[in-house]
Amino acid sequence: MGCCGSAERPKREWKPLEDRSCTDLPWFLLFTLFLVGMCGICGFTIVTGGAARLVFGYDSYGNTCGQRNEPIEGVRLSGLDHTDRKFVFFLDPCNIDIIQRKIKSMALCVSQCPTEELATYYDLKRFAMMNGSELCSYELPGHKYPSLPERFDKCPKLPVPESKALPVFNRCTPVDISCYAKFAEAVVTFVSDNSMLNRLIAGVAASKEIIVGLCLLALVLSMILMVIIRYISAVLVWILTALVVLGSLGGTSVLWWLYIDYRMTMNETMTKDLRETEEPNGGMKTTKDHAQGLLIYAVSATVFTGILLLLMLFMRKRVALTIALFHVAGKVFIHLPLLALQPFCTFLALSLFWVYWIMVLLFLGTTGNPEKNEDTGLVEFRLTGALQYMTWYHAVGLIWISEFILACQQMTVAGAVVTYYFTRDKTKLPVTPILSSVLRLVRYHLGTVAKGSFIITLVKIPRLILMYIHNQLKGKENACARCMLKACICCLWCLEKCLNYLNQNAYAATAINSTSFCTSARDAFMILVENALRVATINTVGDFVLFLGKVLIVTCTAFAGVLALNYQRDYTEWVLPLIIVCLFAFLVAHCFLSIFEIVVDVLFLCFAIDTKYNNGTPGREFYMDKALMEFVENSRRSMAMEERGRSKRARPKEEVELTEVKAMAPGTSSA
């Protein structure tokens, strides 16, 4: 049946790593066709000249520089031979549209950029005669520049600054970029003193070796933490539990103390006011409102603390499972050290794809049919008709393929962890479980990954559209519309996070049983529902422990940075280097500990399946690690003790009832 099949299915028999088959083949074919479409867009931009116009540049008449051109109907001076004119020159390079982020000046193809400042039209004439590079419009002869009346509109604005050609893109750019001050002001508006900015930049330049060293330190600390967290997880968990409980009790106590103190002060003030004036109603009302607000806060905090204490009491035994899973996850990284390289591989794949995507997007910006702008008289290339949907197709490709790459990482990690968990003899693990997992993914499960990433894309696109609408309407919409937009964005974000978690477990189920995405998601969901309290404990306690790990890495890196930068007595020079180092440290810690989080989640799913379908008897032996086995044994002993306690409490009641029956028996017979 399909994903939503209503037929009653047989009970799932989990057979880890026994059978392998291709999953979700139609989705693999669909994703392949989508990739062909993405490549087709790139090919279209190259064939129609969009790529050439971006790289070589084009003038305001639609001619591409450095090649022969075909005439454009209705556009004069089009179809020129610019084989010798390889550079784009702007008549007024400082005429920048801040909103549209482009130069509004007329552009020409020239054979050479001006190598010196040209202050007069005679200088333009001399430059044209000596170098053969005419900087005015094509119909104006170079030797007549100073006397032509059209020189004010069709020649460059004087003085013409010295320019250099950009590498690869062949645009003449002023050497002195002071005319781009508007952009510079937009970048540095947060700094009111230019000397402050210069000092910050100087601090970064002087500390570049230290910054690189500290970034490497953060990388090493992240890798070390993934291994040693197995030894400190118990301490972190119980410290976290104690801090949460003490913080809740302390916060509640402070609120009640403030309320009582405020009431006592209010009573004294009211008594004094009654003696001095006969109309204290306004002040009394404000004071009572403040007291009522404090009372509401105190009662709410009390209810929250009570619920939290009950949850801690009820879930205290399940915290031990989180500690055991962290312990086993540390072992996984020892046996599978190549897991630590997953963030690098994913980052490299995403970076390559994003570079390609941006390049094709720029190609699309110079692709299409030439149209003359009636306001400026310049020729612009625009996609019209059905071709304009290529940009939307390309945008969807950014989201879907990015999610696909991230899903491949999740499937690779899940496959390696599943292989580790369900291999009883760890000495018989594959030489490279990560590589084996990648090969299984490529051979069998690309369709499953494509389907899961497409579902995330379907949720992400509406959220991004709503965010765009919200930004465009900022300050224009009413409060109700703003609230509804934010609520929709929040709901879609929550749905996306839930689907991400379910997808991750579905990939693990696929790695175990080699089932399709929908079947795996359904099976994983049933397992998670049966262990809902355990899932809640692992996600809350485990996530916070990992957050503390990130804070630990950032703090250690920042402390090392302060020690390393101590030679610079001007503390203002520390700011920017430390900010850069701390941001990089948090990013690295997040990437590595996210892999650790995936490992813990996959281990839990394997553990839940193992305990559900095995009981430790011959023929149904557990696959789990010794640490998880100890947790299971402790849980069984606790359950056995509870059963004995209940049986002892029930036995006296049975004896009393038996005595009453015996006492009633003679009376009944005599009657």
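This is a predicted model: local features need pLDDT of at least 70, side-chain atom pairs count only at pLDDT 80 or more; totals for chains, interfaces and linings use all residues.
Local features need pLDDT of at least 70 and side-chain atom pairs count only at pLDDT 80 or more, while totals for chains, interfaces and linings use all residues. Residues are numbered from 1 along each chain as its sequence is written, and side-chain values use heavy atoms, with hydrogens and water left out.

**Overview. Helices and strands of the protein.**
The protein has 16 helices and eight strands. Helices (H or I, at least four residues) and strands (E, at least two) are DSSP runs, numbered from the N terminus. Of the 671 residues, 39% are buried, meaning under 20% relative accessible area with a 1.4 Å probe, protein chains only. Contact means heavy atoms within 4.5 Å. Among contacts with a separation of 6 or more, 71% join residues 24 or more positions apart.

**View 1. Helix H1 and its cover.**
H1 spans residues 25-47, 23 residues in total. From first C-alpha to last it reaches 32 Å, close to the 33 Å expected at 1.5 Å a residue; the expected span is 1.5 Å times one less than the number of residues. Phe31, Phe34, Met38, Ile41, Cys42 and Thr45 of H1 are buried. An α-helix has 3.6 residues a turn, so residues three or four places apart point the same way. The cover over the buried residues of H1 includes H2 (50-56), H9 (342-365), H10 (389-421) and H11 (433-472). Gly49 follows H1 and has a positive phi, near 95°.

**View 2. H1 against H10.**
The two axes come within 10 Å and cross at roughly 130°. Axes are lines fitted to C-alpha atoms, for helices over the stretch in contact, and angles run from 0 to 180 degrees between N-to-C directions. H1 is therefore oblique to H10, the class left after roughly parallel (under 35 degrees), roughly antiparallel (over 145) and roughly perpendicular (65 to 115). H1 contributes Phe31, Leu33, Phe34, Leu35, Gly37, Met38, Ile41 and Phe44 to the contact. H10 contributes Met390, Tyr393, His394, Val396, Gly397, Trp400, Ile401 and Phe404. The contact holds 13 nonpolar, three polar and no charged residues. Ala, Val, Leu, Ile, Met, Phe, Trp, Tyr, Cys and Pro count as nonpolar, Asp, Glu, Lys and Arg as charged, and the others, Gly among them, as polar.

**View 3. H12 against H13.**
H12 (residues 479-513) packs on H13 (residues 517-530) at about 110°, with axes 8 Å apart. The pair is therefore roughly perpendicular. Contact residues of H12 include Tyr501, Leu502 and Tyr507; those of H13 include Phe517, Phe525 and Leu528. By class, 10 are nonpolar, four polar and none charged.

Terms used:
Buried means under 20% relative accessible area, exposed over 50%, partly exposed in between (1.4 Å probe, protein chains only).
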